[in-house]
Amino acid sequence: MLDPIVVFFQRVFTAIGRGIGLAVSWLLWPFVALGNWYRARSWIIKGPIGLVLLGLIFFYGYFIWQTQAWTNFDPDYVNRYKLSERKVPAGSPISGPGATTGQSGSAAASSQAAAVVPSDGSTTEALDMAQLPAGTVCQTSATVDVAADLIDLNVNQNAWISSMLAYKLGLFGMDWDDTPWLDNKASFQRGINQAVRRTTVELVDSLGRVRGTSGVNNDLQAARGNIQFDEETWYFGINPFGPKTPTPSFYRAAERDLRKFNVSLGKCEAIFDGRSDNMVEFLDRIANDLGNTSAIIRERSEFHNGGWFDTRADDRFWFAFGQLYGYYGILSAAGADFENVVAQRGLTPIYTETLKQLRSALRIQPLIISNGREDGWIMPTHLATMGFYILRVRSNLVEMRDILAR
């Protein structure tokens, strides 16, 4: 009685199996044909072709390994800095003769800015420094430390994927960002780099100087210029044609410049101006940066609902993830650098909550990124989830900015 049904399903599955077999055969046929042709050649032809194939295997094998090995990726990396042990804001004297003055961070910066201007009218930064007693040691900037370490993570502890030749060549001419493979780490690194870029701009424009009374710090200026360099430059380029300095070299120079600034700050030879208005500006710039990322995610989530088959959803997700990864450390460090402002203006509860939200966002690490419909029930919508966390963090940053601006 059930035999016709059994036979029907046997035919269906046989047809499916035959279809899969034909598809696989069609995909493998060129390789089988090339293999047969290769076996029929002499060693004079086999040798060079074999070396080329071996080189390609090594070339792409190294590339695949670098895209999958996320060395020293640690969402809890902030704990290494022991920020709670810092007792004074960045730029304040912590030991030596000058530490007995009892100055706060903003007061120390103001006193540094009160140095005598030379009679010829020049305004070099060295002459803007206060003449603190010899042997005084000042607190370095945790924000600068974190920014330098994030660069180190991107280009020293890991290969910078976006400028690797294999990444630039793409998959048979197709940009890796347009495929679902091997581009997650590159997007993550670019997200971190975006956070570092924004931070270096603020360090140059406001945090590393007393506005109107001191010049731009040369080390921070060099760091900003280097970190703004194009993200995809290899050793050789077409436009303009000729050899070039690759992207990682510029970023390593930026890291060195940032560390050099912190050495000068530790010797009380540089300024970190931890005033409340500078913190307002810093938080506002970060909020705007996150707002831009939120808009990009919203556009992808609203107008592209390919679920697991949306090949650009992973780029958007991991860029945002990297940006939050970077800002988690930078904002944690800024809380220590602006410790007096946070405490005096009663920001501690909301600042702590913001950092908790950033850390919560870093727990979202799906194996495959899905951009399903927001009201769907089969395919999840990871982009909308990430966008939700970004907006939560941004709303807290805006609230802190408003409190400080009152």
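## Basis of the report

A residue is called buried when its relative accessible area is under 20%, exposed when that area is over 50%, and partly exposed in between, using a 1.4 Å probe and protein chains only. The structure is a predicted model, in which local features need pLDDT of at least 70 and side-chain atom pairs count only at pLDDT 80 or more, while totals for chains, interfaces and linings use all residues. Residues are numbered from 1 along each chain as its sequence is written, and side-chain values use heavy atoms, with hydrogens and water left out.

N193 counts as buried because its relative accessibility is 2%. This residue is found in helix α7; helices (H or I, at least four residues) and strands (E, at least two) are DSSP runs, numbered from the N terminus. Leaving aside neighbours within four places in sequence, N193 is in contact (heavy atoms within 4.5 Å) with N154, W160, I227, E231 and Y251. With E231 there is a polar contact between the two side chains, at 3.2 Å. A polar contact is a pair of N or O atoms within 3.5 Å; within protein, one must be able to donate a hydrogen and the other to accept it, and residues adjacent in sequence count only if both atoms are side-chain atoms. The C-alpha atoms of N193 and P248 are separated by 12 Å, and the two residues are 55 residues apart along the chain.

N217 is placed in the loop between α7 and α8 (218-227). With a relative accessible area of 4%, N217 is buried. A polar atom of the N217 side chain lies 3.0 Å from the backbone nitrogen of L220.

## Aromatic rings

The whole structure contains 21 aromatic pairs. Rings of Phe, Tyr and Trp (its six-membered ring) pair if their centres lie within 6.5 Å; planes under 30 degrees apart count as stacked, over 60 as edge-to-face and the rest as tilted. W70 and F73 form an edge-to-face pair, 5.8 Å centre to centre, with 90° between the planes. The pair of F188 and Y325 is edge-to-face because the planes stand at 70°, with the ring centres 5.3 Å apart. This pair links distant parts of the chain, 137 residues apart: F188 belongs to helix α7 (residues 184-207) and Y325 to helix α11 (residues 313-337).

F188 and Y325 are both buried, whereas W70 is partly exposed at 24% relative accessibility. F73 is likewise partly exposed, with a relative accessible area of 24%. One aromatic cluster is formed by W70, F73, Y77, F188, F317, W318, F321, Y325 and Y328.

## The disulfide

A disulfide is a covalent bond between the sulfur atoms of two cysteines. The search, which takes a pair of cysteine sulfur atoms within 2.5 Å, finds one disulfide in the whole structure. C138 and C268 form this disulfide, with their sulfur atoms 2.0 Å apart. The torsion about the S-S bond is about 110°, so the disulfide is right-handed. The bond links distant parts of the chain, 130 residues apart: C138 is in strand β2 (residues 137-138), and C268 is in the loop between α9 (247-266) and α10 (276-303). Both cysteines, C138 and C268, are buried.

## Helix α13

Helix α13 (residues 348-361) has 14 residues and reaches 20 Å from its first C-alpha to its last, close to the expected 20 Å. The expected span is 1.5 Å times one less than the number of residues. Buried residues of α13 include I350, Y351, T354, L355 and L358. The buried residues of this helix pack against α10, α11, α12 (339-344) and α14 (382-405).
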